[in-house]
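Student: Could you take me through the ligand site in this one, and how the parts of the chain sit around it?

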Amino acid sequence: MAKILQRALDGVLTAAQTRAVETGIDVIGDIAIVKLDDSVKDQGPAVGNAILESMKNVRVVFDQEGGIEGDFRLRKLRHIAGEGRTLTTHRENQLRFTVDVERCYFSPRLSTERLRIADVVQPGELVLNMFAGVGPYSNTISRRKRVKVYSNELNATAFELHARNNRLNKVEDLTVMFGEDAMDLQKSIDVKFDRILMPHPSASDRFLPVAAEMAKPGGRIHYYRQVSGYDLQEAENELSREVRAILGHAPTFRMRKVREIGPRFLELAADIQLAS
Ligand SMILES: C[S@@+](CC[C@H](N)C(=O)[O-])C[C@H]1O[C@@H](n2cnc3c(N)ncnc32)[C@H](O)[C@@H]1O
(Lines give C-alpha, C1' and ligand atoms only; values in the text may rest on other atoms or scores of the structure.)
Protein backbone atom coordinates (compact mmCIF):
# COMPACT_ATOMS: atom_id res chain seq x y z
CA MET A 1 0.00 0.00 0.00
CA ALA A 2 2.82 2.41 0.96
CA LYS A 3 4.38 2.31 -2.52
CA ILE A 4 1.05 2.89 -4.28
CA LEU A 5 0.23 5.80 -1.95
CA GLN A 6 3.71 7.25 -2.47
CA ARG A 7 3.21 7.10 -6.23
CA ALA A 8 -0.23 8.70 -5.98
CA LEU A 9 1.14 11.52 -3.83
CA ASP A 10 4.20 12.07 -6.01
CA GLY A 11 4.00 15.64 -7.31
CA VAL A 12 1.41 16.59 -4.68
CA LEU A 13 3.60 16.41 -1.56
CA THR A 14 7.32 16.21 -0.83
CA ALA A 15 8.75 12.83 0.26
CA ALA A 16 8.85 13.95 3.90
CA GLN A 17 5.25 15.18 3.79
CA THR A 18 4.16 11.87 2.21
CA ARG A 19 5.87 9.93 5.01
CA ALA A 20 4.03 12.05 7.60
CA VAL A 21 0.67 11.30 5.91
CA GLU A 22 1.49 7.56 5.80
CA THR A 23 2.45 7.23 9.45
CA GLY A 24 -0.43 9.38 10.69
CA ILE A 25 -3.19 7.69 8.68
CA ASP A 26 -5.95 5.80 10.55
CA VAL A 27 -8.24 3.59 8.51
CA ILE A 28 -11.52 2.81 10.27
CA GLY A 29 -13.75 0.60 8.12
CA ASP A 30 -13.81 2.34 4.73
CA ILE A 31 -12.96 5.77 6.16
CA ALA A 32 -9.38 7.11 6.15
CA ILE A 33 -8.39 9.89 8.55
CA VAL A 34 -5.19 11.85 7.96
CA LYS A 35 -3.64 14.66 9.95
CA LEU A 36 -2.40 17.24 7.49
CA ASP A 37 0.29 19.64 8.57
CA ASP A 38 -0.61 23.35 8.27
CA SER A 39 1.82 23.69 5.35
CA VAL A 40 -0.23 21.23 3.22
CA LYS A 41 -3.76 22.05 4.43
CA ASP A 42 -4.77 23.52 1.07
CA GLN A 43 -3.67 20.31 -0.68
CA GLY A 44 -6.39 18.41 1.23
CA PRO A 45 -8.57 17.36 -1.74
CA ALA A 46 -5.50 16.29 -3.78
CA VAL A 47 -4.23 14.17 -0.86
CA GLY A 48 -7.72 12.75 -0.28
CA ASN A 49 -8.12 11.78 -3.93
CA ALA A 50 -4.66 10.17 -3.99
CA ILE A 51 -5.70 8.06 -0.98
CA LEU A 52 -8.97 7.05 -2.67
CA GLU A 53 -7.01 6.07 -5.77
CA SER A 54 -4.37 4.03 -3.96
CA MET A 55 -6.41 2.40 -1.18
CA LYS A 56 -9.23 0.55 -2.85
CA ASN A 57 -11.01 -0.25 0.44
CA VAL A 58 -11.34 3.48 1.28
CA ARG A 59 -14.45 5.43 0.25
CA VAL A 60 -14.22 8.54 2.46
CA VAL A 61 -11.26 10.69 3.54
CA PHE A 62 -11.15 13.22 6.37
CA ASP A 63 -8.45 15.52 7.64
CA GLN A 64 -8.36 15.54 11.45
CA GLU A 65 -7.94 19.06 12.79
CA GLY A 66 -6.23 19.12 16.17
CA GLY A 67 -6.10 16.33 18.73
CA ILE A 68 -8.72 14.04 20.20
CA GLU A 69 -10.65 16.33 22.51
CA GLY A 70 -13.11 16.60 25.37
CA ASP A 71 -14.62 14.08 27.77
CA PHE A 72 -15.96 11.98 24.89
CA ARG A 73 -12.54 12.00 23.14
CA LEU A 74 -13.79 13.17 19.73
CA ARG A 75 -11.97 14.17 16.54
CA LYS A 76 -12.77 17.38 14.67
CA LEU A 77 -12.92 16.30 11.03
CA ARG A 78 -12.76 18.14 7.71
CA HIS A 79 -14.09 16.21 4.74
CA ILE A 80 -11.51 16.19 1.91
CA ALA A 81 -12.59 13.44 -0.50
CA GLY A 82 -15.12 10.72 -1.26
CA GLU A 83 -18.59 10.12 0.13
CA GLY A 84 -19.97 12.51 2.74
CA ARG A 85 -20.60 10.24 5.71
CA THR A 86 -19.08 9.48 9.10
CA LEU A 87 -20.62 6.04 9.75
CA THR A 88 -18.71 2.87 8.86
CA THR A 89 -18.19 -0.73 9.97
CA HIS A 90 -14.68 -1.71 11.01
CA ARG A 91 -13.40 -5.30 11.15
CA GLU A 92 -10.97 -6.22 13.89
CA ASN A 93 -9.98 -9.57 15.45
CA GLN A 94 -12.83 -11.35 13.62
CA LEU A 95 -15.38 -8.91 15.08
CA ARG A 96 -17.27 -6.00 13.52
CA PHE A 97 -17.77 -2.55 15.01
CA THR A 98 -20.07 0.07 13.58
CA VAL A 99 -18.50 3.43 14.37
CA ASP A 100 -19.42 7.06 13.79
CA VAL A 101 -15.90 8.43 13.45
CA GLU A 102 -16.97 11.99 14.30
CA ARG A 103 -19.36 11.34 17.20
CA CYS A 104 -17.56 8.44 18.95
CA TYR A 105 -14.05 7.53 19.99
CA PHE A 106 -12.45 4.64 18.14
CA SER A 107 -8.80 3.82 17.48
CA PRO A 108 -7.81 0.98 15.14
CA ARG A 109 -4.34 1.13 16.74
CA LEU A 110 -5.52 -0.63 19.91
CA SER A 111 -6.56 -3.95 18.36
CA THR A 112 -3.55 -5.81 19.80
CA GLU A 113 -4.15 -4.34 23.25
CA ARG A 114 -7.74 -5.56 23.16
CA LEU A 115 -6.56 -9.08 22.33
CA ARG A 116 -3.99 -8.90 25.10
CA ILE A 117 -6.66 -8.08 27.67
CA ALA A 118 -9.09 -10.70 26.35
CA ASP A 119 -6.29 -13.29 26.60
CA VAL A 120 -5.77 -12.76 30.34
CA VAL A 121 -9.48 -12.97 31.24
CA GLN A 122 -10.23 -16.28 32.97
CA PRO A 123 -13.40 -18.35 32.46
CA GLY A 124 -16.17 -17.38 34.87
CA GLU A 125 -14.81 -13.90 35.66
CA LEU A 126 -17.21 -10.98 36.04
CA VAL A 127 -15.82 -7.99 34.13
CA LEU A 128 -16.66 -4.26 34.24
CA ASN A 129 -15.62 -1.83 31.48
CA MET A 130 -16.12 1.70 32.86
CA PHE A 131 -15.40 3.49 29.53
CA ALA A 132 -16.63 1.20 26.78
CA GLY A 133 -17.00 3.42 23.67
CA VAL A 134 -18.66 1.42 20.87
CA GLY A 135 -17.66 -1.80 22.63
CA PRO A 136 -14.33 -3.03 21.17
CA TYR A 137 -12.80 -4.23 24.47
CA SER A 138 -16.09 -5.55 25.87
CA ASN A 139 -17.13 -7.45 22.75
CA THR A 140 -13.63 -8.90 22.24
CA ILE A 141 -13.62 -10.26 25.80
CA SER A 142 -17.18 -11.68 25.69
CA ARG A 143 -16.74 -13.20 22.29
CA ARG A 144 -13.39 -14.88 23.01
CA LYS A 145 -13.93 -15.92 26.62
CA ARG A 146 -17.77 -16.21 26.82
CA VAL A 147 -17.79 -14.22 30.07
CA LYS A 148 -20.31 -11.58 31.14
CA VAL A 149 -19.16 -7.97 30.73
CA TYR A 150 -20.89 -4.99 32.37
CA SER A 151 -20.20 -2.25 29.84
CA ASN A 152 -20.64 1.46 30.55
CA GLU A 153 -20.51 4.45 28.17
CA LEU A 154 -21.76 8.00 28.78
CA ASN A 155 -21.77 9.23 25.16
CA ALA A 156 -25.31 8.42 23.91
CA THR A 157 -24.20 7.89 20.27
CA ALA A 158 -21.42 5.50 21.28
CA PHE A 159 -23.84 3.72 23.67
CA GLU A 160 -26.36 3.16 20.82
CA LEU A 161 -23.65 1.83 18.49
CA HIS A 162 -22.28 -0.40 21.27
CA ALA A 163 -25.76 -1.94 21.65
CA ARG A 164 -25.82 -2.49 17.87
CA ASN A 165 -22.33 -4.02 17.92
CA ASN A 166 -23.38 -6.45 20.69
CA ARG A 167 -25.94 -7.83 18.23
CA LEU A 168 -23.52 -7.74 15.29
CA ASN A 169 -20.98 -9.74 17.30
CA LYS A 170 -23.59 -12.03 18.87
CA VAL A 171 -22.73 -11.13 22.46
CA GLU A 172 -25.90 -9.32 23.51
CA ASP A 173 -26.66 -12.10 26.05
CA LEU A 174 -23.23 -11.61 27.60
CA THR A 175 -23.29 -7.80 27.74
CA VAL A 176 -25.04 -5.71 30.39
CA MET A 177 -25.19 -2.09 29.20
CA PHE A 178 -25.04 1.08 31.33
CA GLY A 179 -25.06 4.66 30.03
CA GLU A 180 -23.91 6.49 33.13
CA ASP A 181 -21.23 8.76 34.40
CA ALA A 182 -18.70 6.18 35.63
CA MET A 183 -18.39 8.19 38.83
CA ASP A 184 -21.97 7.16 39.73
CA LEU A 185 -21.82 3.48 38.74
CA GLN A 186 -21.95 2.25 42.31
CA LYS A 187 -25.47 3.68 42.59
CA SER A 188 -26.79 1.23 39.98
CA ILE A 189 -24.42 -1.74 40.27
CA ASP A 190 -24.02 -3.49 43.58
CA VAL A 191 -22.04 -6.53 42.48
CA LYS A 192 -18.24 -6.67 42.77
CA PHE A 193 -15.97 -7.49 39.83
CA ASP A 194 -13.02 -9.79 39.23
CA ARG A 195 -11.64 -7.44 36.61
CA ILE A 196 -12.22 -3.76 35.78
CA LEU A 197 -11.11 -1.97 32.60
CA MET A 198 -10.40 1.77 32.64
CA PRO A 199 -9.59 2.61 28.99
CA HIS A 200 -9.85 6.41 29.38
CA PRO A 201 -6.18 7.41 29.61
CA SER A 202 -6.69 11.19 29.67
CA ALA A 203 -8.92 11.15 32.78
CA SER A 204 -8.93 7.72 34.44
CA ASP A 205 -7.14 9.01 37.57
CA ARG A 206 -10.36 10.62 38.87
CA PHE A 207 -12.17 7.28 38.66
CA LEU A 208 -9.57 4.94 40.15
CA PRO A 209 -11.02 5.12 43.71
CA VAL A 210 -14.44 4.09 42.30
CA ALA A 211 -12.86 1.15 40.47
CA ALA A 212 -11.01 0.05 43.61
CA GLU A 213 -14.32 0.00 45.52
CA MET A 214 -16.13 -1.93 42.80
CA ALA A 215 -13.48 -4.66 42.57
CA LYS A 216 -13.52 -7.87 44.59
CA PRO A 217 -10.65 -8.44 47.07
CA GLY A 218 -7.80 -9.73 44.91
CA GLY A 219 -9.48 -8.21 41.83
CA ARG A 220 -7.59 -6.74 38.91
CA ILE A 221 -7.80 -3.26 37.41
CA HIS A 222 -6.40 -2.34 33.98
CA TYR A 223 -5.60 1.32 34.48
CA TYR A 224 -4.72 3.19 31.25
CA ARG A 225 -3.01 6.52 31.58
CA GLN A 226 -1.27 9.18 29.50
CA VAL A 227 2.04 9.96 31.18
CA SER A 228 4.82 12.37 30.32
CA GLY A 229 8.46 11.51 30.80
CA TYR A 230 11.84 11.82 29.11
CA ASP A 231 11.91 8.04 28.75
CA LEU A 232 9.90 4.95 29.64
CA GLN A 233 11.55 4.63 33.06
CA GLU A 234 10.62 8.18 34.04
CA ALA A 235 7.04 7.72 32.78
CA GLU A 236 6.73 4.46 34.75
CA ASN A 237 8.03 6.12 37.91
CA GLU A 238 5.45 8.87 37.46
CA LEU A 239 2.61 6.37 36.97
CA SER A 240 3.74 4.31 39.92
CA ARG A 241 3.72 7.41 42.18
CA GLU A 242 0.26 8.32 40.91
CA VAL A 243 -1.26 4.87 41.59
CA ARG A 244 0.18 4.77 45.11
CA ALA A 245 -0.99 8.32 45.88
CA ILE A 246 -4.56 7.69 44.67
CA LEU A 247 -5.02 4.29 46.34
CA GLY A 248 -3.16 5.31 49.52
CA HIS A 249 -1.13 2.09 49.47
CA ALA A 250 1.12 0.16 47.12
CA PRO A 251 -0.84 -2.60 45.37
CA THR A 252 0.87 -5.25 43.26
CA PHE A 253 1.08 -3.98 39.72
CA ARG A 254 2.96 -4.29 36.47
CA MET A 255 3.30 -1.51 33.93
CA ARG A 256 3.44 -1.67 30.17
CA LYS A 257 3.83 0.79 27.34
CA VAL A 258 0.71 0.72 25.16
CA ARG A 259 1.82 3.32 22.59
CA GLU A 260 3.60 6.61 22.01
CA ILE A 261 1.20 9.52 21.73
CA GLY A 262 3.61 12.42 21.30
CA PRO A 263 7.10 13.64 22.05
CA ARG A 264 7.87 12.57 25.65
CA PHE A 265 4.26 11.49 26.05
CA LEU A 266 3.30 7.84 26.41
CA GLU A 267 0.18 5.80 27.00
CA LEU A 268 0.94 3.27 29.71
CA ALA A 269 -1.17 0.58 31.32
CA ALA A 270 -0.84 -0.40 34.96
CA ASP A 271 -2.26 -3.89 35.51
CA ILE A 272 -3.13 -3.65 39.19
CA GLN A 273 -3.91 -6.57 41.49
CA LEU A 274 -5.66 -5.55 44.71
CA ALA A 275 -4.92 -7.26 48.01
CA SER A 276 -7.03 -10.35 48.78
C1 LIG B 1 -10.52 6.83 25.20
S2 LIG B 1 -12.22 6.42 24.94
C3 LIG B 1 -12.15 4.63 24.95
C4 LIG B 1 -13.37 3.98 24.37
C5 LIG B 1 -13.23 2.46 24.12
N6 LIG B 1 -12.83 1.77 25.31
C7 LIG B 1 -12.29 2.19 22.98
O8 LIG B 1 -11.18 1.72 23.20
O9 LIG B 1 -12.67 2.44 21.83
C10 LIG B 1 -12.96 6.81 26.50
C11 LIG B 1 -14.46 6.65 26.51
O12 LIG B 1 -14.98 7.01 27.80
C13 LIG B 1 -16.20 7.72 27.64
N14 LIG B 1 -16.39 8.54 28.84
C15 LIG B 1 -15.78 9.72 29.13
N16 LIG B 1 -16.15 10.15 30.36
C17 LIG B 1 -16.99 9.21 30.85
C18 LIG B 1 -17.66 9.08 32.08
N19 LIG B 1 -17.56 10.01 33.04
N20 LIG B 1 -18.43 8.00 32.29
C21 LIG B 1 -18.54 7.04 31.31
N22 LIG B 1 -17.93 7.11 30.12
C23 LIG B 1 -17.15 8.18 29.89
C24 LIG B 1 -16.00 8.52 26.35
O25 LIG B 1 -17.20 8.89 25.75
C26 LIG B 1 -15.19 7.53 25.50
O27 LIG B 1 -16.03 6.72 24.71
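Tutor: Domain bounds here come from an automatic or database domain assignment. This is a predicted model, where local features need pLDDT of at least 70, side-chain atom pairs count only at pLDDT 80 or more, and totals for chains, interfaces and linings use all residues. Residues are numbered from 1 along each chain as its sequence is written.

On that basis the chain splits into domain 1 (2–85) and domain 2 (107–273), with their C-alpha centres 30 Å apart. Now for the ligand: it lies between the two, because both domain 1 and domain 2 give residues to the shell around it. There are 21 residues around the ligand, and F131, G133, L154, N155 and A182 come nearest (a residue is near if its C-beta atom, placed from the backbone, lies within 6 Å of the molecule). By type, the shell has 13 nonpolar, four polar and four charged residues; Ala, Val, Leu, Ile, Met, Phe, Trp, Tyr, Cys and Pro count as nonpolar, Asp, Glu, Lys and Arg as charged, and the others, Gly among them, as polar.

Next, a hairpin. Strands β3 (residues 60–69) and β4 (residues 74–82) pair antiparallel over seven bridges. Strands are DSSP runs of E, at least two residues, and helices are runs of H or I, at least four, numbered from the N terminus; two strands pair if DSSP finds at least two bridges between them. One of the contacts joins I68 to its bridge partner R75 in β4. Four residues separate β3 and β4 in this hairpin, and G70 in the turn has a positive phi of about 75°.
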